[in-house]
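Here is a friendly walk through one chain and the residues that hold our attention in it. Please take a look at the sequence and the model, and then read on.

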Amino acid sequence: EEFKTLWELYPRKIGKPKALKAYQKARKAGTSYETIETGIKAYNEQIKRLKTDKQYIKHGSTWFNQCSWNDDYTISNTNKTAVKAAVFVILLIRRP
């Protein structure tokens with residue numbers, strides 16, 4: 001039931017059986033449900049903030065297998081300008 005809830009939160013639902021195995025392994029190793037949930041929410045926020053194209057969002061199996069809840073999804077103030085500039089360039093490139 002826990003995994004089902006997390007899977008619903010995850011943005012790119014590919015590789016569910018592998019993701020479930022990785023989740024079970026992480027839980028047995030002592031990673032809390034809350035840690036994983038917080039990681040998914042932070043990843044979702046980063047995706048929204050950076051307007052990440054779907055093709056660049058990790059498959060669920062990849063995210064769980066890489067223990068990506070441990071990744072840092074924050075953007076420091078010094079990086080915000082660079083990110084905004086990169087997003088602007090991407091938007092310009094996409095223009096017809």
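Let us begin with S61. Apart from neighbours within four places in sequence, S61 is in contact (heavy atoms within 4.5 Å) with I14, G15, K18 and A19. S61 belongs to helix 4, where helices are DSSP runs of H or I with at least four residues, strands are runs of E with at least two, and both are numbered from the N terminus. With a relative accessible area of 11%, S61 is buried; buried means under 20% relative accessible area, exposed over 50%, and partly exposed in between, using a 1.4 Å probe and protein chains only.

A word on the source: this is a predicted model, in which local features need pLDDT of at least 70 and side-chain atom pairs count only at pLDDT 80 or more, while totals for chains, interfaces and linings use all residues. Residues are numbered from 1 along each chain as its sequence is written, and side-chain values use heavy atoms, with hydrogens and water left out.

**The chain as a whole**

The chain has 5 helices and 0 strands, so its pattern along the sequence reads α-α-α-α-α. Its C-alpha trace spans about 45 × 30 × 20 Å along the principal axes. Of the 96 residues in the chain, 30% are buried. Among contacts with a separation of 6 or more, 68% are between residues 24 or more positions apart.

The accessible surface comes to about 6,800 Å², and carbon and sulfur atoms account for 55% of it; the areas come from the Shrake-Rupley method with a 1.4 Å probe, and for residues only the protein chains shown count as cover. As for charge, there are 19 positive and 9 negative side chains, with the centres of the two sets 7 Å apart. Here Lys and Arg count as positive and Asp and Glu as negative, with His and the chain ends not counted, and each charge is placed at NZ of Lys, CZ of Arg, CG of Asp or CD of Glu.

**Helix 1 against helix 3**

How do helix 1 and helix 3 lie relative to each other, parallel or perpendicular? The axes of helix 1 (residues 2-9) and helix 3 come within 10 Å and cross at roughly 10 degrees. The axes are lines fitted to C-alpha atoms, for helices over the stretch in contact, and angles run from 0 to 180 degrees between N-to-C directions. The two helices are therefore roughly parallel, a label for angles under 35 degrees, whereas over 145 counts as roughly antiparallel, 65 to 115 as roughly perpendicular and the rest as oblique.

On the helix 1 side, E2, T5, L6 and L9 meet Y33, I36, E37, I40, K41 and N44 of helix 3. N44, in helix 3, is buried at 16% relative accessibility. Beyond its neighbours within four places in sequence, N44 is in contact with L9 and P11.

Y23 sits in helix 2 (residues 16-28) and is buried at 5% relative accessibility. Not counting residues up to four places away in sequence, Y23 touches E2, F3, L6, Y33, I36 and F64.

W63 is in helix 4 and counts as buried, with 0% relative accessibility. Leaving out residues up to four places away in sequence, W63 touches Y10, I36, G39, I40, Y43, K58, S68, W69 and Y73.

The table lists C-alpha separations for pairs that are well apart in sequence.

| Pair | Apart in sequence | C-alpha to C-alpha |
|---|---|---|
| Y23 and S61 | 38 residues | 9.4 Å |
| W63 and R12 | 51 residues | 9.6 Å |
| C67 and P11 | 56 residues | 16 Å |

Most residues other than glycine have a negative phi, and most peptide bonds are trans. Which phi does K51 have, positive or negative? K51 is not a glycine, yet its phi is positive, about 55 degrees. K51 lies in the loop between helix 3 (33-50) and helix 4 (60-65), and it is exposed, with a relative accessible area of 56%.

C67 also has a positive phi, near 50 degrees, in a residue other than glycine. C67 is found in the loop between helix 4 and helix 5 (77-94). With 31% relative accessibility, C67 counts as partly exposed.
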